[in-house]
Amino acid sequence: MQNETLRQELTPVGLADFTPRIDPSATGYQEGTLLDKYGRRISYVRLSITDRCDFRCTYCMAEEMTFLPREAVMSLEECLRVASVFVGLGVTKLRITGGEPLVRKDAMWLIERLGALPGLENLVLTTNGSQLDRFAVPLRAAGVKRINISLDTLNPERFRKITRIGDLTKVLRGIEAARQAGFRRTKLNAVMMRGTNDDEFVDLVSFAINNELDISFIEEMPLGEIHGRSNTYISSEETREMLSRHFELIPSTEDSGGPARYWRIPGSESRVGFISPHSHNFCDSCNRVRITAKGELYPCLGQNDAANLLPALRASNDDVALRQAIIDSMGIKPYGHDFTQQMDTPQVVRFMSMTGG
Ligand code: SAM
Ligand code: SF4
């Protein structure tokens, strides 16, 4: 559906009349469902539990990063409160992300409690995989349903160049640890970069097939002060065409609840997905918001507007103000983003590691 058509259909009362609200008629939820002003139902939260990371991927961070001081970061108890209030408002899927979530001290304390939250159907995690050989078993025991692991290359030297400090062997060990812990359909995420890893896309798909993994290719997004990305940008379409010379790709109608569109390969369980924020904008069906480690709620990855939940969170131990702040934030969820206009001069000043991918 064209964006403009959808906008008109979903806003019969006009944007000026919008009052942030929940939909009390929705069934199956405890208190109602969060709706934004375009009528989109918010059922998915991505929660960044740290802005720190043990890698410095070139597309995600600057080489010299200043991380948040500890007191500016939500405590694990605060993260749990935020998640519980969202679940009370009809959110059924929560992705733990970062930075690298598994470098947060006592991350498992939080994850175990999230796994036990009544009403939270789908607890998932995005990680760079470096710590998974230690954490795969407890993550599975805590009720994490699925893991996404970032992997842009299978070449150790190239891996070191992209991540600046990462060790590919540790990540490959982590992928194997996840399989042994019983995780199935683990998904690899590969950012497509011309001249850096575009000669490896076939190998990455073969690796996914051989290890019973899914894989998504991501169009690089202009987040943070990293200029000149249009030189290395590759569209999903170009990669899909190239891959279809090596693999039979059958379009799939499956919906993972995220922005990826999937293709299947006959004879394999692996799915090949494409996340195309430029070429196939997914704003129409956006069902999510993001919470940063310092308690800001970003209703859109590609915009700068945010609601700060920290004052409400710290004002009182009951969740009344926090709940209201979350409901009110629905009023600032924009219709969408346009990354393509901003490729070389990002308008979104924060790095992906701040917002959580
Ligand atoms: N550290 C974890 C990891 O790497 O999976 C979780 C956080 S990371 C920010 C989440 C995802 O964002 C990763 O898959 C990463 O490749 C992706 N990412 C980071 N910066 C990006 C950018 N500028 N464009 C597209 N994807 C990006
Ligand atoms: Fe760290 Fe993930 Fe960003 Fe890489 S993409 S620097 S692993 S947060």
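The protein contains 11 helices and 15 strands. Of its 357 residues, 56% count as buried. Among the contacts with a separation of 6 or more, 73% are accounted for by residues 24 or more positions apart.

The average pLDDT of the protein is 86, and 82% of the residues score at least 70. Where pLDDT is low, the predicted coordinates should not be read in detail.

The shell around ligand 2 is made up of C53, F55, R56, C57, C60, M61, G99 and N128. By type, this shell divides into 5 nonpolar, 2 polar and 1 charged residues.

One residue of the ligand 2 shell, F55, also takes part in an aromatic pair. The whole structure holds 4 aromatic pairs. In the pair of F55 and F159, the arrangement is edge-to-face, with 5.7 Å centre to centre and 85 degrees between the planes. F55 is located in the loop between β4 (44-48) and α2 (76-88), while F159 belongs to helix α5 (residues 156-163), so the pair ties together parts that are 104 residues apart in sequence. Both residues, F55 and F159, are buried.

A further pair is formed by F201 and F217; this pair is tilted, with 5.1 Å centre to centre and 55 degrees between the planes. F201 lies in helix α7 (residues 201-210) and F217 in strand β9 (residues 214-219), and the pair links these distant parts of the chain, 16 residues apart. F201 and F217 are buried as well. Together with W263 and F274, F201 and F217 form one aromatic cluster.

Aromatic rings also meet charged side chains. K93 lies over the face of Y44, at 4.5 Å from the ring centre.

Two residues were examined for their backbone angles. Most residues other than glycine have a negative phi. R185, which is not a glycine, has a positive phi of about 55 degrees. R185 is found in the loop between α6 (168-180) and β8 (187-192), and R185 is partly exposed, with a relative accessible area of 23%. E212 is likewise a residue other than glycine with a positive phi, near 55 degrees. The position of E212 is in the loop between α7 and β9, the helix and strand that carry F201 and F217. With a relative accessible area of 52%, E212 is exposed.

Two further residues illustrate contacts between separate parts of the chain. W109 is placed in helix α3 (residues 107-115) and is partly exposed, with a relative accessible area of 29%. Leaving aside neighbours within four places in sequence, the contacts of W109 are with L76, E77 and L80. One of these residues, L80, is 29 residues from W109 along the chain, and the C-alpha atoms of the two are separated by 9.9 Å.

L68 is found in the loop between β4 and α2, the loop in which F55 also lies. The relative accessible area of L68 is 12%, so L68 is buried. Not counting residues up to four places away in sequence, L68 touches D51, R52, V73 and K294. For D51, which is 17 residues from L68 along the chain, the separation of the C-alpha atoms is 7.1 Å.

Definitions and conventions. Residues numbered from 1 in each chain as written. Chains lettered and ligands numbered in written order. Predicted model: local features only at pLDDT ≥ 70, side-chain atom pairs only at ≥ 80, totals over all residues. Heavy atoms only, no water. pLDDT = per-residue confidence, 0-100. Near = heavy atom within 4 Å. Nonpolar A, V, L, I, M, F, W, Y, C, P; charged D, E, K, R; others polar. Phe/Tyr/Trp six-rings, centres within 6.5 Å; stacked < 30°, edge-to-face > 60°. Helix = DSSP H or I, 4+ residues; strand = E, 2+ residues; numbered from the N terminus. Buried < 20%, exposed > 50% of the residue type's maximum accessible area, 1.4 Å probe, protein only. Lys NZ or Arg CZ within 6 Å of the ring centre and 35° of its normal. Contact = heavy atoms within 4.5 Å.
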